[in-house]
Amino acid sequence: MFGKRSNPGISPTPQAAPAAAAPVMRDLGAAPPKPVPAPEPTQIAQPERRSDGYFQTKSMIFGALIEAIDLAALAKLDPDSAREEIRDIVHEIVAIKNLVLSISEQEDLLDDICNDVLGYGPLEPLLARDDIADIMVNGPDRCFIEVGGKIQLTNVRFRDSGQLMNICQRIVSQVGRRVDEASPICDARLLDGSRVNVIAPPLAIDGAALTIRKFKKDKLTLDQLVRFASISPTGAEILKIIGRVRCNVIISGGTGSGKTTLLNCLTNYIEGDERVITCEDAAELQLQQPHVVRLETRPPNLEGVGQITMRDLVKNCLRMRPERIIVGEVRGPEAFDLLQAMNTGHDGSMGTLHANSPREALSRVESMITMGGYSLPSRTIREMIVSSVDVIVQAARLRDGSRRITHITEVMGMEGDVIITQDLFVYEILGEDAQGKLKGRHRSTGIGRPRFWDRARYFGEEQRLAAALDASEVAEEP
């Protein structure tokens, strides 16, 4: 199936050379039988690590494999067929080299080499697991993961800095970007939407630093967040109503608090006949509506030209007849354009930003507009915020690693130069159990008629809103 090169370089002996040059090495009697696949090794925080001898053996076999196969022919095969061909040839190389390996060692070696040739090398087992939220590679010898809100050290190790950089290049090239000494910082994404950041030497002193924010294969819903105790059932009902009645929503929170996940959940309640346009630095949102336009920023090229910023995208959105604008993350002057969109008929627009409380989120929006060079009085900016933003939803990651929606807060208006807000829904921490897990409850603050009550009545949701607010006054955490 593969065309072999004339000098495979597998063995210096003339007897071994004809075997290496065979088109497909399936019928040699000397080849060992194909072993039964062993279970995939667990990659969580194992103290033992593979020896240097293992990596030397793997490097030797990998070099012989590259010499023995035609990579152009390999690229034409589907992934499963290519993996089978590689496995067969590696078995032959092991037999010809007279290497003594156990069945489990052979299987580990085969998996590693297949991942190096066809995938993302040592990262493949971590990317295949759905319980990992983040993968953090600090150079070729140290790799951490986040599971259940806690960071753990793994036994994943790269052959050297060159292998790590090759994998980084493979990732970013899929979205038309590059990372090297001339362009050492890069944001990209995997095919499944996972967000990737790479910072390479010379900026990263100990080798390339690769950070992957993984997305779950199954999109989370508000009902699942209820099962995870991130929100109570009545709180989830309030959020569903907020999404349906086209409130303008800002989702704030710290890094890793679940802002984008919550934004995905809220977009479930957008009607299917609405035209939605999303603007993101790296496309992460997973909207299920049939009428969605996804836009993504672009960094400058090596000459420093061609950059498309988030503000450019948001301004262009206004010419595309949107009904809702969803901004993946507001972090600069685009905040001004988003507020203008919210205040000019694009009800139901949403965005996320980094802030530790709803009050701080409003201050952050004001600061971002000021940083954009607008010479507007503070009162004018705050009046624009009040007339544009209806609800702020605060997400937080607590010290035990759990993620909670801690506030659902309304923007009421202004008294003098101060923006007035009121909490509809809060999360109270009551203590912790014997395992160190925090205990708490979600409850209503007793507001019986929120500011968006008339909007809820316009959409026929006022009775459900009243019932949810009444029930949540005594709602305990699941």
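**Entry 1: strand β6 and its neighbours**

I started with strand β1 (residues 132-138), which is joined to β6 by 5 bridges, the two running antiparallel. Strands here are DSSP runs of E with at least two residues, helices are runs of H or I with at least four, and both are numbered from the N terminus. Two strands pair if DSSP finds at least two bridges between them. I then found that β5 (residues 195-199) is also antiparallel to β6, again with 5 bridges.

Which residues stand opposite Leu210 in β6? I found Val137 and Val198.

A note on what I am looking at: this is a predicted model, where local features need pLDDT of at least 70 and side-chain atom pairs count only at pLDDT 80 or more, while totals for chains, interfaces and linings use all residues. Residues are numbered from 1 along each chain as its sequence is written, and side-chain values use heavy atoms, leaving out hydrogens and water.

Buried means under 20% relative accessible area, exposed means over 50%, and partly exposed is in between (1.4 Å probe, protein chains only).

**Entry 2: the open sheet**

I traced an open sheet of 9 strands with mixed pairing, in the order β9-β8-β10-β11-β7-β12-β13-β14-β15. β9 (292-296) and β15 (438-444) are the edge strands with a single partner each, so one side of each has no neighbour in the sheet. From one strand to the next, the twist averages 25°. (Axes are lines fitted to C-alpha atoms, for helices over the stretch in contact, and angles run from 0 to 180 degrees between N-to-C directions.)

Within this sheet I looked up β7 (residues 249-253) and β12 (residues 391-397), which run parallel and are joined by 5 bridges. Ile251 has Val393 in β12 as its bridge partner.

Then I turned to the helices. Helix α13 (residues 358-371) lies across β7, β11 (350-354), β12, β13 and β14 (418-432), at about 135° to β14. Helix α14 (residues 378-388) packs on the sheet too, touching β13 and β14, with its direction at about 120° to that of β13. Contact means heavy atoms within 4.5 Å.

**Entry 3: a buried arginine**

Is Arg404 buried or exposed? It counts as buried, because its relative accessibility is 8%. Arg404 sits in strand β13 (residues 403-415), and its side chain reaches the backbone oxygen of Ala229 at 3.2 Å.

**Entry 4: the cores and helix α12**

The largest nonpolar core has 37 residues, and Leu239, Ile242 and Val249 touch the most other members. A nonpolar core is a set of buried Ala, Val, Leu, Ile, Met, Phe, Trp, Tyr and Cys residues joined through side-chain atoms within 4.5 Å. Helix α9 (residues 233-244) gives the most to this core, 5 residues.

Finally I checked helix α12 (residues 334-342). Of its 9 residues, 8 are buried, so the helix is largely enclosed by the rest of the structure. Among them are Phe336, Leu338 and Leu339. The buried residues of α12 pack against β7, α11 (310-317), β10 (324-327), β11, α13 and α14.

Conventions: Polar contact = N/O pair within 3.5 Å; in protein donor to acceptor, adjacent residues only side chain to side chain.
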